[in-house]
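Welcome! Please take a look at the structure below, and then let us walk through a few of its features together.

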Amino acid sequence: MPNVLVTGAQWGDEGKGKIVDHLAARADYSVRFGGGANAGHTLVVGGKKLVLHLVPAGILHPRCKGIVGNGCVIDPASFAKEISELSAAGIDVSPPRLGISEIAHVVTAFQKIADGITGKAIGTTGRGIGPAYTDKARRAGVRLVDVVRGEHLSVLETQRAHYAKLLPDDVELPSAKTVADDLSNVVSGLAAYIGDVAEEVHSAMKANAALLFEGAQGALLDVDHGTYPFVTSSTTTAGGASSGVGVYVDLHRRLAVSKAYTTRVGNGPFPTELLDETGEKLRALGHEFGATTGRPRRCGWLDLPALRHAFRLNGVTDMAITKLDVLAGFETIRVATEHRAGAPVYRDFEGFGSLDGVNDRDALPKAARSYLAFLEAELDASLSILSIGADRDRTLVFREILPA
Ligand code: IMP
């Protein structure tokens, strides 16, 4: 059975959650290997909207178990809330269906407070992600196993002293004891989920299970290969899967997800950004507001050089294009084919009308087919999945990724 990577080819929010949800019907595991509650996967199931932040999107399917790997950073209170919301929606998230790595780092209250202040210049999600990874790298972090063993208070005291020095004097920090007790309370409620998930993933691979590796954010937010310093603090690309799970992962199929246009939340370069009414139209029609923070997303045309970079990083074999329906009704659709002196050079495509009722590739308007064929040729990857609406059934599959 193949190991399949589903990864974002842009600045996040490409619609990976919907694609994972689609593939998970044929998968045994859906594995998160990086990021934290900065991610927001919006799923629409039977007309009902669910937003997942850290729980793997595959879990909505009874066959598929969820794993949160050691490369993720976990805010236990937010995780517990997500679990109870899913249960309330009738989804079984009992411990055998979901596991969290015991060596994943915890996001602490100090890190969240710090991110709200120091993350402003980057435009972070304010979820404490950057400080949590920073503390992990400077060997001043708390892992879940430390909380389980009750060995986290002294680290939190050191963390508090660090942030008290770093942050302005008028910022109030809770006591280390309060933070430690709060963590102990929440983590004790999650105890049944916490363990050596690397071993479980390894055994599943040996037993020939079908595994999805669910990337968070997108290639252009990768800490090494994205638009640094306007990036997140983890590896968002294929290379992060093995270290973020704790098992060498041979990714047999690498599926990159891209919108039919581009969006970005937060600050940083965006060469094809549209600051005019066309950008506003994309935002309105595409409901482009952040799933985690509600911030309006910046909108623009597709950027081929940026996508080529993302495709090379991920060794892409298959692509999924999402939200093609949002482009219906635009007179002209533009794609940047290169950048000259920092400015995008565009190729224009004829627009197309409504995609309502379209159920296969041949039924797409001719102009839409030309646009997609151009992307396939330029990116040298097969368009395997096309999403033309928010609901589960508006997903067209041209090439199967997992066997039935
Ligand atoms: P952080 O990950 O919260 O530190 O934010 C760093 C940058 O990544 C900011 O520009 C965020 O808006 C962006 N970011 C983080 N997670 C996501 C996501 O899931 N979708 C889109 N942008 C994200």
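Predicted model: local features only at pLDDT ≥ 70, side-chain atom pairs only at ≥ 80, totals over all residues.

## Around the ligand

A nitrogen atom of the ligand sits 3.0 Å from a polar side-chain atom of D13; a polar contact here is a pair of N or O atoms within 3.5 Å, and within protein one must be able to donate a hydrogen and the other to accept it, with residues adjacent in sequence counted only if both atoms are side-chain atoms. For N38, an N or O atom in the side chain is 2.9 Å from an oxygen atom of the ligand. Q217 has a polar side-chain atom 3.2 Å from a nitrogen atom of the ligand.

There are 17 residues around the ligand, and D13, N38, T125, T232 and R295 come nearest.

Residues are numbered from 1 along each chain as its sequence is written, and side-chain values use heavy atoms, leaving out hydrogens and water.

D13 belongs to the loop between β1 (3-8) and α1 (16-23). Helices (H or I, at least four residues) and strands (E, at least two) are DSSP runs, numbered from the N terminus.

Another detail is the cis peptide bond joining Y228 and P229, with omega about 5°. P229 is found in the loop between β10 (211-214) and α9 (240-245).

## Helices α6 and α7

How do helix α6 (residues 153-166) and helix α7 (residues 176-190) cross? Their axes come within 9 Å and cross at roughly 135°; axes are lines fitted to C-alpha atoms, for helices over the stretch in contact, and angles run from 0 to 180 degrees between N-to-C directions. α6 and α7 are therefore oblique to each other, as angles under 35 degrees count as roughly parallel, over 145 as roughly antiparallel, 65 to 115 as roughly perpendicular and the rest as oblique.

In α6, L153, L156, E157 and R160 meet A176, K177, V179, A180 and L183 of α7, where contact means heavy atoms within 4.5 Å.

## Helices α3 and α4

Helix α3 (residues 109-118) packs against helix α4 (residues 129-137) at an angle of about 120°, their axes 7 Å apart. That makes α3 oblique to α4. On the α3 side, the contact is made by Q111, A114 and D115, and on the α4 side by I129, P131, A132 and D135.

Technical notes
Near = heavy atom within 4 Å.
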